[in-house]
Number of protein chains: 2
Amino acid sequence: MRNKGGTLRLRIIAAADELFYQQGYENTSFSDIADVVGISRGNFYYHFKSKDEILDAVIDARITRFKEMLNEWDKKTTDPKQRLHYYIDMQSRNQEKIISHGCPVGSLCTELAKIRHFMLVDANKMFTVFRDWLTTQLELVGVKKNAKQLSMHLLARGQGIATVSNAFEDKAFLHQEVTQLKQWLDVEILKASH
Amino acid sequence: MRNKGGTLRLRIIAAADELFYQQGYENTSFSDIADVVGISRGNFYYHFKSKDEILDAVIDARITRFKEMLNEWDKKTTDPKQRLHYYIDMQSRNQEKIISHGCPVGSLCTELAKIRHFMLVDANKMFTVFRDWLTTQLELVGVKKNAKQLSMHLLARGQGIATVSNAFEDKAFLHQEVTQLKQWLDVEILKASH
DNA sequence: TAACATTTAGGACAAACATCCTAATTCAGG
DNA sequence: CCTGAATTAGGATGTTTGTCCTAAATGTTA
């Protein structure tokens with residue numbers, strides 16, 4: 001096998017990942033990706049049989065990346081409450097990207113739902129990764145009964161913040177909501193753990 | 001002027017409005033709209049100089065429709081708290097559409113932001129219509145200081161519910177969140193009005 | 001009815017698109 | 001070095017797109 005043989009596929013996925021986030025899936029052409037990677041357009045069909053196949057690879061890559069990220073977070077602190085705060089703060093840390101392109105998970109799901117793409121069911125697994133991790137942290141922090149429900153709620157709160165911040169390109173609103181959400185969660189944790 | 005002359009423009013806008021919501025703006029072609037209206041593709045450019053112009057007309061039409069809708073709500077009851085509940089319940093009333101196509105306001109803004117369309121600043125005026133109305137109702141119900149901030153928060157809560165319900169196609173989650181949001185708002189109103 | 005303006009249909013157009021095909025290039029193993 | 005497989009480049013193809021053009025059809029006015 002050739003030297004770059006194994007990595008070219010990964011480079012295509014990385015470029016597609018970023019372009020799908022920045023420009024949307026439908027709005028990104030093979031030419032766009034090829035230009036970024038620096039290969040010819042036709043060469044694509046040796047590595048991916050269709051555009052759907054690249055989307056599939058991008059979704060898988062994101063899921064893997066998110067799982068790795070959450071593992072890193074787990075190493076940063078053993079305190080589940082701090083972990084939950086770190087999750088919510090993610091929006092502040094990525095403020096520029098959120099303002100410009102929205103949430104990479106939510107905006108892709110929104111687009112796939114709109115064009116009735118069959119891979120929406122795969123895309124929303126990106127949400128599930130975070131939901132399951134949030135559920136675990138909430139249980140660790142003492143939320144017994146409604147941990148799963150509360151984690152879904154937290155996903156929605158994050159999506160709301162991202163969508164509105166993105167629509168208004170309003171950084172101040174983003175930070176305000178992030179702060180408010182952390183305070184609300186602290187109270188909720190207190191209530192739920194008696 | 002011909003009989004249908006005045007209404008054809010409106011019929012085109014109505015068809016585009018619905019298709020943009022169901023399939024997205026970029027994913028809707030002139031042919032799609034022409035097929036629904038029942039006119040020839042080329043005939044478009046007599047009524048609209050470009051696709052951007054149709055988008056502009058659709059956004060204006062939606063803003064007008066939303067304002068009319070809010071006026072109807074104002075007539076339904078004079079109780080601002082009931083009006084706020086009626087706003088939140090809108091998601092339940094439109095459950096099928098939300099599950100299938102998301103929020104017509106949020107999903108369009110998300111798409112326009114993604115393709116860096118210059119009319120995003122016009123599209124988010126749809127949000128502003130609701131925000132201003134919410135601010136008025138909140139002030140009427142006794143929220144003095146943070147009425148505008150709270151109305152922005154309500155927009156975001158709605159967007160979060162729509163985005164996640166749409167991504168998971170989860171009707172139960174939608175209703176659960178709607179109920180929870182109304183309860184939370186009642187408490188918030190109590191707190192804010194001393 | 002005649003002359004004029006408005007409205008419509010239908011095709012022409014170039015650009016962009018996903019996909020396919022083929023020939024050239026590069027590699028590993030003998 | 002030779003050979004066959006893996007990899008790549010670049011063009012061909014057919015479709016769809018937004019936009020434009022022109023002539024026909026329809027309405028209005030005199």
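How many residues of chain A are in contact with how many residues of chain B? The answer is 42 with 42. Contact here means heavy atoms within 4.5 Å.

Some ground rules before I go on. This is a predicted model, where local features need pLDDT of at least 70, side-chain atom pairs count only at pLDDT 80 or more, and totals for chains, interfaces and linings use all residues. Residues are numbered from 1 along each chain as its sequence is written, chains are lettered from A and ligands numbered from 1 in the order in which they are written, and side-chain values use heavy atoms, with hydrogens and water left out.

Let's start with one chain. Chain A has 11 helices and zero strands. Helices (H or I, at least four residues) and strands (E, at least two) are DSSP runs, numbered from the N terminus. The C-alpha atoms of chain A fill a box of roughly 60 × 40 × 30 Å along the principal axes. Chain A has 194 residues, and 54% of them count as buried. Buried is under 20% relative accessible area, exposed is over 50%, and partly exposed is in between (1.4 Å probe, protein chains only). Take the contacts in chain A with a separation of 6 or more: 67% of them join residues 24 or more positions apart.

Now the pair. Chain A can be laid on chain B by a turn of 180° and a shift of 0.0 Å along the axis, with an RMSD of 0.0 Å. The two copies are thus related as by a two-fold rotation axis. The superposition is by least squares on the C-alpha atoms of residues with pLDDT of at least 70 in both. In chain A, A:Gly160 comes closest to the axis, with its C-alpha at 1.9 Å.

Next, the interface. A:Lys114, A:Met152 and A:Phe168 supply 19% of what chain A buries against chain B, more than any other three residues. Of the interface residues of chain A, 100% are also interface residues in chain B, so the copies meet through the same surface.

The largest pocket has a volume of about 970 Å³. Its lining has 32 residues, and A:Trp184, A:Glu188, B:Trp184, B:Glu188 and B:Lys191 lie nearest the centre.

The largest cavity has a volume of about 210 Å³. Helix H7 (104-114) of chain A and helix H7 (104-114) of chain B each give two or more residues to its lining.

How were these found? On a 1 Å grid over the protein atoms alone, a cavity is a set of points where a 1.4 Å probe fits but cannot get out; a pocket is an open set with protein on both sides within 12 Å along at least five of seven lines; lining residues have an atom within 4 Å of a point. Points are joined across faces, edges and corners, and a volume is the space filled by probe spheres set on them.

Last, one residue. Is B:Arg62 buried or exposed? B:Arg62 is buried, at 2% relative accessible area. B:Arg62 sits in helix H4 (residues 51-76) of chain B. Beyond four places in sequence, its contacts include B:Asp17, B:Tyr21 and B:Met126.

Key: Buried area is the accessible area (1.4 Å probe) that two parts lose on being put together, summed over both.
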